[in-house]
Amino acid sequence: MRNKVLVMALITISCIKSYSQIIFENGYFIDESNKKIECLIKNIDWQNNPTKFEYKLLEDEPAQEATIQTVKEFGINNVSKYIRVKTNIDRSSDQIDKMSSERNPSFKEELLFLKVLIEGNAVLFLYIDANLTRMFYKLDDSEIEQLVYKRYLIESKIFVNDYFKQQLFLKLKCEEIGLNDIERLTYSKRDLEKLFIKYNECTSSDYISYETKKKRDLFNLTFRPGLNYSSLEIKNSVSGSKDTDFGNNIGIRFGIEAEFILPFNKNKWGIIIEPTYQYYKSEQSNESSGVSGGILVSKVDYRSIELPVGVRYYFYLNDKSKLFINVSYVFDFPFNSSIKFVRNDGSVLSELEIKSRRNLALGVGYKYKDRYSIEIRYNTNREILSDYSYWNSKYNSININLGLSLF
């Protein structure tokens with residue numbers, strides 16, 4: 001059964017990629033001749049600012065590619081907007097081993113697509129490229145400038161150039177924005193968005209906040225009952241008289257899954273943590289000439305709290321349905337668990353305490369309406385007699401997990 005499930009999982013993973021989709025959404029772009037072209041843009045919810053994008057003029061037409069060299073501006077209606085600008089940017093590293101000893105930014109002129117966060121009399125822009133984050137701003141008809149924030153290193157001590165506070169204090173003049181508001185600022189998207197919204201409201205400017213238009217479900221808590229199809233085999237490298245194959249067993253499991261959705265790439269990536277109670281119990285009787293009564297009964301009572309910590313990736317089928325795969329590193333915490341060797345009269349010959357090691361788990365599942373889910377999960381071999389040098393064990397399990405998202 002285990003091999004069949006593995007084959008099925010691999011086939012499913014290879015096939016669902018052809019069904020996964022990042023939707024082409026209504027949008028536009030402005031070309032070099034300032035012509036606005038309505039189209040469908042492939043929204044991949046860029047984590048890094050793009051230099052190109054795919055679009056379709058009509059739904060049933062093939063996709064085309066547009067680049068920063070040919071497009072002045074593009075956007076997805078009511079979702080996001082990017083403008084092309086040739087501007088100075090400081091790419092000084094924030095990593096200690098690469099940090100500059102110069103206080104002043106090292107500007108270089110580049111052609112960039114900047115993401116519009118707040119659009120009004122005061123405009124706030126964002127640029128991200130891997131570990132580099134830079135904020136830009138524009139006031140009325142002025143040129144776009146970078147808000148300066150730089151960490152630098154002198155004699156193994158880190159200093160900060162937060163000139164962006166002075167820039168904003170001098171430019172965003174409003175009776176509702178005081179020196180204390182500026183001094184408390186951090187160089188973060190959240191803080192700067194709040195300030196630019198406050199300024200636009202203070203100056204009675206109509207503004208658009210593209211970030212607040214996104215309604216994201218970034219945390220899910222799911223009740224996860226299920227079944228374990230498990231097997232256990234133990235062997236002693238010194239004497240084989242107590243070697244036991246406990247066979248296959250079906251048990252229950254109950255878990256609560258916390259899922260943290262990462263806010264990029266259309267919410268397709270998530271971090272999962274799932275504390276789960278699981279239980280395996282079995283016994284086997286074997287003839288043994290070395291035991292009084294001639295029968296050796298091996299009993300296992302194994303219960304534990306598993307703690308899988310992993311990564312999940314979604315494949316969207318439509319607005320209501322999606323498939324997912326996940327890989328987890330499983331921590332296991334046994335309690336009141338042991339393997340006993342018992343004579344035919346019920347007296348205990350010897351006992352092994354169960355202490356387990358970590359293992360990997362691979363899962364494939366389906367989710368409907370972000371509320372109901374089912375998953376098949378394969379767990380790699382887990383050693384449960386880790387304290388004994390002469391004992392080896394193979395505990396394997398396949399889980400079928402149901403899910404009901406509480407929120």
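Ser-282 is buried, with a relative accessible area of 15%; buried means under 20%, exposed over 50% and partly exposed in between, using a 1.4 Å probe and protein chains only. This is a predicted model, in which local features need pLDDT of at least 70 and side-chain atom pairs count only at pLDDT 80 or more, while totals for chains, interfaces and linings use all residues. Residues are numbered from 1 along each chain as its sequence is written, and side-chain values use heavy atoms, with hydrogens and water left out.

Ser-282 belongs to strand 17 (residues 276-287). Strands (E, at least two residues) and helices (H or I, at least four) are DSSP runs, numbered from the N terminus. A polar atom of the Ser-282 side chain lies 3.0 Å from the backbone oxygen of Phe-246. Not counting residues up to four places away in sequence, Ser-282 touches Phe-246, Ser-298, Lys-299 and Val-300, where contact means heavy atoms within 4.5 Å.

The next topic is the nonpolar cores. Such a core is a set of buried Ala, Val, Leu, Ile, Met, Phe, Trp, Tyr and Cys residues joined through side-chain atoms within 4.5 Å. The largest has 23 residues, and those with the most contacts inside it include Leu-124, Met-135 and Phe-196. At least two residues of this core come from each of strand 7 (107-119), strand 8 (122-129), strand 9 (132-139), helix 2 (164-171) and helix 4 (189-202). Helix 4 gives the most, with 5 residues. Leaving aside neighbours within four places in sequence, the contacts of Met-135 include Leu-117, Leu-124, Leu-147, Tyr-187 and Leu-192. A second, separate core of 16 residues includes Tyr-302, Phe-341, Leu-385 and Trp-391.

Charged side chains also pair up. A salt bridge is a side-chain nitrogen of Lys or Arg within 4 Å of a carboxyl oxygen of Asp or Glu, and the count comes to 26. In one of them, Glu-32 and Arg-84 meet at 2.5 Å, N to O. This pair links distant parts of the chain, 52 residues apart: Glu-32 is in the loop between strand 1 (24-31) and strand 2 (36-42), and Arg-84 is in strand 6 (residues 80-90). Glu-32 is partly exposed at 41% relative accessible area, and Arg-84 is partly exposed at 22%.

Another salt bridge joins Asp-181 and Lys-198 (3.6 Å, N to O). Asp-181 sits in helix 3 (residues 179-183) and Lys-198 in helix 4, 17 residues apart.

Terms used:
Polar contact = N/O pair within 3.5 Å; in protein donor to acceptor, adjacent residues only side chain to side chain.
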